[in-house]
Amino acid sequence: MKVEPLVLPVFAQPVELHTKRCVLRPWKDSDLAPWCEMNADAEVRRHFPSVCTEEQARGEAQRCRDAIAQRGWGMWALEVPGVFPFAGFVGLAVPHYDAPWIPAVEIGWRLPRAAWGQGFATEAAQAALEFGFARLGLNQIVAIAVPSNAASLRVMTRLGMVRDEAGDFDHPRVEAGHPLRRHVLFRTRAVHGA
Ligand SMILES: CC(C)(COP(=O)(O)OP(=O)(O)OC[C@H]1O[C@@H](n2cnc3c(N)ncnc32)[C@H](O)[C@@H]1OP(=O)(O)O)[C@@H](O)C(=O)NCCC(=O)NCCS
């Protein structure tokens, strides 16, 4: 079956989102060092197949920056003014690998350990969801995680996302047989006419 790609709005200027405590903003060069440090932390990468080398981390940051430069939105750098000049990323991505739930827009988050346990991921993700529904006109947004990533699953639940029990899938970018290959899928839908 041929699946049509999503047609998504492009903003001429990079979008910045503000919440009570957080700013989701385009990346700065000064974010790169703490980003690389965070992705070399085995605890942050506990639910990923490996930590990242500096080259890999810089590559991922560049892809985030390129997406925001091209469309105005994406995986934003998270800042908590007065607390954390850079606290990882939160935002929306358009995955291009092969999975049964694609095409879809995915919400994601990755914060350094010092920023955990304070509600920043959920608060920032709520703003990203609202942006996705109100300004991108999406009908639904998905999130994925390995089943053992309880903290991430709690973020999804706090956001009102619901597990699609039929949506479990093997992540094509994780090698066959790897214990972190199996993923669960959560969805949330726009409420129109509220
Ligand atoms: C996933 C991840 C972002 C979750 O971070 P988190 O700090 O647990 O989530 P939040 O920022 O929403 O914080 C919520 C927690 O802070 C607590 N909290 C403390 N003060 C709070 C406040 N003022 N407001 C809201 N929550 C507060 C909440 O009770 C909650 O704790 P709980 O989940 O134990 O009940 C983080 O664990 C992470 O970056 N992990 C590594 C990368 C990763 O796995 N990414 C996801 C891949 S799928």
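**A ligand shell and its ring pairs**

Modeller: The shell around the ligand is made up of eleven nonpolar, six polar and four charged residues. Before you ask, this is a predicted model, in which local features need pLDDT of at least 70 and side-chain atom pairs count only at pLDDT 80 or more, while totals for chains, interfaces and linings use all residues. Residues are numbered from 1 along each chain as its sequence is written, and side-chain values use heavy atoms, with hydrogens and water left out.

Colleague: What makes a residue nonpolar, polar or charged here?

Modeller: Ala, Val, Leu, Ile, Met, Phe, Trp, Tyr, Cys and Pro count as nonpolar, Asp, Glu, Lys and Arg as charged, and the others, Gly among them, as polar.

Colleague: How many residues surround the ligand, and which are the closest?

Modeller: There are 21, and the closest are Leu 111, Gly 117, Ala 121, Thr 122 and Arg 154.

Colleague: What polar backbone or side-chain atoms lie by the ligand's nitrogen and oxygen atoms?

Modeller: A backbone N or O atom of Trp 109 is 2.9 Å from a ligand nitrogen. A ligand oxygen lies 3.3 Å from a polar backbone atom of Gln 118, and a ligand oxygen lies 2.8 Å from an N or O atom in the side chain of Asn 149. The ligand on its own exposes 950 Å², of which the protein buries 69%; such areas come from the Shrake-Rupley method with a 1.4 Å probe, and for residues only the protein chains shown count as cover.

Colleague: Which elements give two or more residues to that shell?

Modeller: They are β5 (106–110), α3, β6 (140–145) and α4 (150–158), and the largest share, five residues, comes from α4. Helices (H or I, at least four residues) and strands (E, at least two) are DSSP runs, numbered from the N terminus.

Colleague: On to the rings. How many aromatic pairs does the structure hold?

Modeller: Nine. Rings of Phe, Tyr and Trp (its six-membered ring) pair if their centres lie within 6.5 Å; planes under 30 degrees apart are stacked, over 60 edge-to-face, and the rest tilted.

Colleague: Why is the pair of Phe 11 and Phe 131 called what it is?

Modeller: The centres are 5.6 Å apart and the planes stand at 40 degrees, so the pair is tilted. Phe 11 lies in the segment before β1 (17–18) and Phe 131 in helix α3 (residues 120–134), so this pair ties together parts that are 120 residues apart in sequence.

Colleague: How do you know whether Phe 11 is buried or exposed?

Modeller: Buried means under 20% relative accessible area, exposed over 50%, and partly exposed in between (1.4 Å probe, protein chains only). Phe 11 has 18%, so Phe 11 is buried; Phe 131 has 3%, so Phe 131 is buried.

Colleague: Why does the pair of Trp 35 and Phe 86 get its label?

Modeller: Their centres are 6.5 Å apart and their planes are at 75 degrees, so that pair is edge-to-face. Trp 35 belongs to helix α1 (residues 32–39) and Phe 86 to the loop between β3 (75–79) and β4 (89–93), 51 residues apart. Both Trp 35 and Phe 86 are buried, and Trp 27, Trp 35, Phe 86 and Phe 89 form one aromatic cluster.

Colleague: What sits over the rings of Phe 48 and Trp 73?

Modeller: The charged end of Arg 45 sits over the ring of Phe 48, 4.2 Å from its centre, and the charged end of Arg 71 sits over the ring of Trp 73, 4.3 Å from its centre. The rule asks for NZ of Lys or CZ of Arg within 6 Å of the ring centre and within 35 degrees of the ring normal.

Colleague: Why does Pro 147 get its accessibility class?

Modeller: Pro 147 is at 47%, so Pro 147 counts as partly exposed. Its place is in the loop between β6 and α4.

Terms used. Near = heavy atom within 4 Å. Polar contact = N/O pair within 3.5 Å; in protein donor to acceptor, adjacent residues only side chain to side chain.
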